[in-house]
Amino acid sequence: MDIEIELLPESERKDLPSSSSLSFGKHLSDHMFLMDYKVDTGWHNARIVPYDNFSLDPASACLHYGQAIFEGLKAYSGKDDKIRLFRAGKNMDRLNHSAWRMCMPQVDKDDLLQAIKTLIQIEKRWVPEANGTSLYVRPFMIATEAFLGVRPAKEYLLSVILSPVGAYYAEGFSPVKIFVTDKYVRAVSGGVGEAKTAGNYAASLMVSEKAKELGFTQVLWLDAAERRYIEEVGTMNIFFLLEDALVTPELSGSILPGITRDSVLRLARGWGLRVEERPITINEVLEKVKNKALKECFGTGTAAVISPVGALYYKGENYPINSGKTGDLAQRLFDEIMGLQYGEREDAYGWMDII
Ligand SMILES: *Cc1c(COP(=O)(O)O)cnc(C)c1O
């Protein structure tokens, strides 16, 4: 794929934020990738241009009917000064799966990877170097056709923007308190829960805000039909260490298939742990908290990698897990995955891509 490149004059480029001021998604780099799609011509006009506002027709389909999908991955700067991506091909596959579900066009996986790598190379100085920091890569696609009827749009825009992000655990691991909701749901069986599509996140905001007001970090979602089966937590997949088995809900269609989830499963199996992907109810979990069979609980996702859960709150009762401390398995998985991402551990699975 040919990418036309228009660079911002050096004098107009932004000052880099200091590594201590980085949080998540606040700063954006100097350039972005864009590519257009029309049903008749396919993807065309691939370009890297100075970061700027879009111009959209007010009737653009994405603004009305939610044809909008995204991905999230990170570029890591190693001590060897190499920049790495972690399993980026999986993100491209998932973008295409989301696109399929939302009636949006497929993207050539290699073309998009090439675009992301080219953009990161141009924006090299934006990849922060301090421990645990990274450059967040946000590919996304929106329907741009100006048409108010309800049907799949015939025109789309694909973009990639970059944002330097701080270390998730600048002050060390701190297990989070989770609010289990049995009143609201994130996604339904047969719906769009397995797609990284904008509306899923809008749907989750109200309960997240409520949980925060009550002093909880995240919401744990149960299945929509019975409000019994555990789905996921916030924007993370969830794992339980029950006795000596690592258990996570199976991918049922309403759960987002996390790449960190898949990595944890593969690492744990490789270490010889018993691993189960199966339906698991909130009652089973709480029962096992009570009789001390639940050793650990943690969330998994690109942002935090591993997020230990210190307590679950359900129907007015608080259930502390592992005395609110980080478990050994959570720590081991975190160290292994971070070690791979920063090029400090042997990449036995071939997950890393050096830019
Ligand atoms: C992105 C996301 C995840 C985690 O996926 P990773 O590929 O591990 O980052 C989990 N749940 C939801 C709802 C998500 O949006």
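Reply: Let us begin with a definition: a residue is buried when its relative accessible area is under 20%, exposed when that area is over 50%, and partly exposed in between, with a 1.4 Å probe and protein chains only. The model is predicted, so local features need pLDDT of at least 70 and side-chain atom pairs count only at pLDDT 80 or more, while totals for chains, interfaces and linings use all residues. Residues are numbered from 1 along each chain as its sequence is written, and side-chain values use heavy atoms, with hydrogens and water left out.

Me: Why is serine 159 called buried?

Reply: Serine 159 has 0% relative accessibility; the limit is under 20%, and therefore serine 159 counts as buried. This residue is found in strand S8, residues 155-165; strands are DSSP runs of E of at least two residues, helices are runs of H or I of at least four, and both are numbered from the N terminus.

Me: What does serine 159 touch?

Reply: Contact means heavy atoms within 4.5 Å. Not counting residues up to four places away in sequence, serine 159 touches Phe33, Leu34, Phe54, Arg138, Pro139 and Phe140.

Me: Which word applies to proline 128, buried or exposed?

Reply: Its relative accessible area is 12%, so proline 128 is buried. Proline 128 is found in the loop between helix H3 (109-122) and strand S7 (134-143). Its contacts beyond four places in sequence include Leu22, Ser77 and Pro164. Tyrosine 76 is 52 residues apart from proline 128 along the chain, and their C-alpha atoms are separated by 8.0 Å.

Me: What makes asparagine 322 partly exposed?

Reply: The relative accessibility of asparagine 322 is 30%, which lies between the two limits, so asparagine 322 counts as partly exposed. It is placed in the loop between strand S17 (317-320) and helix H7 (328-341), and it touches Lys295 and Gly327, leaving aside residues up to four places away in sequence.

Me: How do you know that the span of helix H5 agrees with expectation?

Reply: The expected span is 1.5 Å times one less than the number of residues. Helix H5 (residues 259-270) has 12 residues and should therefore span 16 Å; its end C-alpha atoms are 16 Å apart, which agrees. Just after H5, glycine 272 takes a positive phi of about 85°.

Me: Why are the buried residues of helix H6 said to lie on the same side?

Reply: In helix H6 (residues 282-290), the buried residues are Ile282, Val285, Leu286 and Val289. They cover an arc of only 95° around the axis, which puts them on the same side of H6; the arc is that of the directions from the helix axis to the C-beta atoms. An α-helix has 3.6 residues a turn, so residues three or four places apart point the same way.
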